[in-house]
Amino acid sequence: MLESLKEQVCVANLDLVAKGVVIYTWGNVSGIDRERRFVVIKPSGIDYDGMSPEDMVVVDLMTGKVVEGKWQPSSDTKTHLELYKAFPNIGGIAHTHSINAVAFAQAGIDIPALGTTHADYFYGDIPCTRELIQQEVKDAYEQNTGKVIVECIQERNIDPMAVPGVVVKNHGPFSWGKDAAASVYHAVVMDVVAEMNLKTLMLNPQASMGEYVLDKHYMRKHGINAYYGQTDLRRYD
């Protein structure tokens, strides 16, 4: 079942390691089949070394129940499901504990848009969610993590495909895209721009970027009249 999607999700999970944003078992990627309403996700606590498409777990989007797979799904599965249910354009989700993005999550602050590298991929600040209250952690932690992400995006009136990621306060980054590979791409970019910001703000705590620069760099890649790159090859950049 969903052999192609399992392959894509497995490759995306392994790419987290290859790109240096995950060590040990600190992350997960999922992908969704919207027509069948099934989600494929990394198994919980399984080492990346030797992981194969057969290790991926298929769960039902609406119930979260395992449809196919020999392992338990990622402990973050319910977070992924909340995002898929809230935002129908999302096709893949990645979660990491990458060092630089986590620094902003633990500080409880947005990753600000300070330069054109950021503007090429995220149309504005990458938001930090509010802190989950004690009852939200106690009752349904992973599901409520997803709900807090959805709440953050909706309250700030953000287009989730233009700002394809957040940092969850005290936790870490979640990113997404049109498919599993895109979600990993955005996870990597998020951590790189977070590192740039940490160094920039050390040099100049008042650093900023004009909105017109943000507009130009984002729109030349993603706007209706985008002209960066080759039209038939354009994917994420």
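## Aromatic pairs

In this predicted model, Tyr121 is buried, with a relative accessible area of 12%. Tyr185 is partly exposed, at a relative accessible area of 27%. The two residues form a tilted aromatic pair, 5.8 Å centre to centre with 55° between the planes. Tyr121 belongs to the loop between α4 (116–119) and α5 (134–155), whereas Tyr185 belongs to helix α6 (residues 180–203); they are 64 residues apart.

The ring centres of Tyr123 and Tyr218 lie 4.8 Å apart with the planes at 25°, so this pair is stacked, the limit for stacking being under 30 degrees. Because Tyr123 lies in the loop between α4 and α5 and Tyr218 in helix α7 (residues 211–222), the pair ties together parts that are 95 residues apart in sequence. Tyr123 is partly exposed at 30% relative accessibility, while Tyr218 is buried at 8%. The count of aromatic pairs comes to 3.

## Charge over a ring

The charged end of Lys42 sits over the ring of Tyr48, 4.9 Å from the ring centre.

## Sheet

An open sheet is formed by 7 strands in the order β4-β3-β2-β1-β5-β7-β6, with antiparallel pairing. Its edge strands, β4 (66–68) and β6 (165–168), each pair on one side only. From one strand to the next, the twist averages 25°.

Strands β6 and β7 (residues 172–177) pair in the antiparallel sense over 4 bridges. Val167 has Pro173 in β7 as its bridge partner.

## Helices across the sheet

Helix α2 (residues 77–86) lies across β1, β2, β3, β5 and β7, running at about 40° to β1. Helix α3 (residues 99–107) lies across β6 and β7, at about 120° to β7.

How values were computed:
Residues numbered from 1 in each chain as written. Predicted model: local features only at pLDDT ≥ 70, side-chain atom pairs only at ≥ 80, totals over all residues. Heavy atoms only, no water. Pairing = 2+ DSSP bridges. Helix = DSSP H or I, 4+ residues; strand = E, 2+ residues; numbered from the N terminus. Axes fitted to C-alpha atoms, helices over the stretch in contact; angles between N-to-C directions. Contact = heavy atoms within 4.5 Å. Phe/Tyr/Trp six-rings, centres within 6.5 Å; stacked < 30°, edge-to-face > 60°. Buried < 20%, exposed > 50% of the residue type's maximum accessible area, 1.4 Å probe, protein only. Lys NZ or Arg CZ within 6 Å of the ring centre and 35° of its normal.
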